Amino acid sequence: MQKAPFVTGYLTEHTGDDAYATLDGYRARGGYEAAKRALTGMSPDEIVNLVKDAGLQGRGGAGFGTGMKWSFMPKGTDKPKYLVCNADESEPGSFKDRLLLERAPHQMLEGILIGAKATGAAKTFVYVRGEYAHPADVLERAIDEARAAGILGADCMGSGFAHDVVVTRGAGAYICGEETGLLESLEGKKGQPRKKPPFPAQYGAFGMPTTVNNVETFSHVPHILNKGAAWFRGFGTEKSPGTTIFGVSGLVQRPGLYELPLGTRLDTIVFDHAGGPLPGRKVKGVIPGGMSMPILPVSQLDVPMANEFLRERKTMLGTGGVMVLDDSVCMVRVACVVTYFFRDESCGQCTQCREGTGWMNKIVQRIERGAGSKGDLDILLDVAAKMEGQTICAFADAAAWPVQGLLRHFREDFEAHIEHGKCPFPESFQL
Amino acid sequence: MVISAETRAAIDAQIQKYPQRRGALLPALHLVQKEKGWIAPETARELAAIFEIQPIEVLEVVTFYNMFYDRPQGRHHVYVCTNLPCSLRGGRDLVHAIEQHLGIEAGETTKDGRITLGHEECLGACAWAPMLRIGETYHENLDVETAKRLLDELK
């Protein structure tokens, strides 16, 4: 794990400094000043409107407007309201939240505290994926420090506002990154997503009004309060303001984290920042936003990394996990890895997803073995189409999209297997 | 009683953090597993009593999540990431090499009960592939020889 991204911005400017993870170090950099202002001098509506004006979009994958989401929380209810911080980062190819948890836990806590004031939440549950034991420990320590200093507790920073933060560790289920799967898990159950409506703002954690935001999303908030909406909009595109942390992995010279404005072109990230392909290799395709997002071929990397542009190319920003595949790679093997993952992680609740993920995996494995037939590709697309949009949560879509993307741009790889009766990519990574 | 007084006290402290008792079930399972290594049927029954639910409700949670075990495990868990970013950079070669080194397949435990080996989905270390975790500790940027040495050091 690197301590700071190769390119830093306002989110990660100080993550290279070990002290930044401590309360003293964070305060030395102006930490908790924004929260203090929010708690003592701003109304909830003022905070919500500021975050709306800034145009902050959720950084967990769906990209929904954060200020808008906060405004959905009911007012004038006597029920306790909760925030949930989704730290279940488990979209394959994503590792930015881990950095923010390990190196800047107070930045996230400050964002949570501001969000709590904006929504009137009494408590925040941070749901950390089970495998992130070290990040969870760092966060627990930061919460203890904030509590001891009176930043969290019955009277946060002398403002009269009460808030506490609880860390809950998951136990290795991808579906718990889906917000209602997460809520079920938080309640001590299997992480099987809920039907919506009712949405979490009406019926969330323990049946109470709840808003779920991602680690990075909360981490942007103190900066917006400190420097204003216009400053925030100075980064990124008109529709997608701010920076984000791209995680580059795969067959590339300099894999790692890069904080860059949204709208940075994908080819700039892959070739300029991450140094391009390994010696003697060419880039074949890039998955732009975590494994659920459809792949782009090398001819289409001239796209700004923001949803309004990526959608035109039938993919999305997702979590900003950029996976680079070079000309050694067999795209059918990629499909084998992808479909195995979704088969393994389907919660089993909806038939289309439970059965569809299994069938897709069986078919692509058959093709990889050289036992596929010409009709298999149509069956694959048919199964994918019948999963998409048909289930309780977006997992089935997330499983269907990458297969559709691989067939859209690399159909010839699949056809070559079927034609030759074997895998024609001897140099590809092994299964 | 199979759960120690100390773990029981830690479970009670967790229960205080949640508006409903059952919210602390996952934390409790982590705590019990730390003590016992796995969730035996009698442990599940005791947890069910603590959480005022049926034993089957504990077991369905145990079996839903990859990190809870309903059977005895090796003293050390070695999990190698084989998701796409790691596969591209030798994650699967690493699993095969370890399988050969230990004489078991992923999913099995060595005869001496020392190591349970598994492959795992993305662990969020994609830029430092290949990688594995031993228990709660990540080891990144591995090669086969370094990985073998790490495993040989496990008692």
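This is a predicted model: local features need pLDDT of at least 70, side-chain atom pairs count only at pLDDT 80 or more; totals for chains, interfaces and linings use all residues.
Asp17(A) is partly exposed, with a relative accessible area of 28%; by the definition used here, buried means under 20% relative accessible area, exposed over 50%, and partly exposed in between, with a 1.4 Å probe and protein chains only. Its partner in a salt bridge is Arg29(A), at 3.3 Å from N to O. The term salt bridge denotes a side-chain nitrogen of Lys or Arg within 4 Å of a carboxyl oxygen of Asp or Glu. Arg29(A) is likewise partly exposed, its relative accessible area being 46%.

Residues are numbered from 1 along each chain as its sequence is written, chains are lettered from A and ligands numbered from 1 in the order in which they are written, and side-chain values use heavy atoms, with hydrogens and water left out.

How many salt bridges does the structure hold over all chains? The count is 38. To return to the pair already named, Arg29(A) lies in the loop between helix 1 (23-28) and helix 2 (33-41) of chain A, and Asp17(A) in the segment before helix 1, so the pair ties together parts 12 residues apart in sequence. Helices here are DSSP runs of H or I with at least four residues, numbered from the N terminus.

A second pair is Arg366(A) and Asp376(A), whose closest N and O atoms are 2.9 Å apart. Arg366(A) belongs to helix 14 (residues 351-369) and Asp376(A) to helix 15 (residues 375-387) of chain A, 10 residues apart. Arg366(A) is partly exposed at 26% relative accessibility, whereas Asp376(A) is buried at 2%.

Arg411(A) is partly exposed at 27%, as is Glu415(A) at 37%. Elsewhere, salt bridges that share partners join Arg59(A), Lys96(A), Asp97(A) and Glu216(A) into one network.

With a disulfide taken as a pair of cysteine sulfur atoms within 2.5 Å, the count over all chains is zero. Cys156(A) is buried at 0% relative accessibility.

Definitions and conventions. Helices (H or I, at least four residues) and strands (E, at least two) are DSSP runs, numbered from the N terminus.
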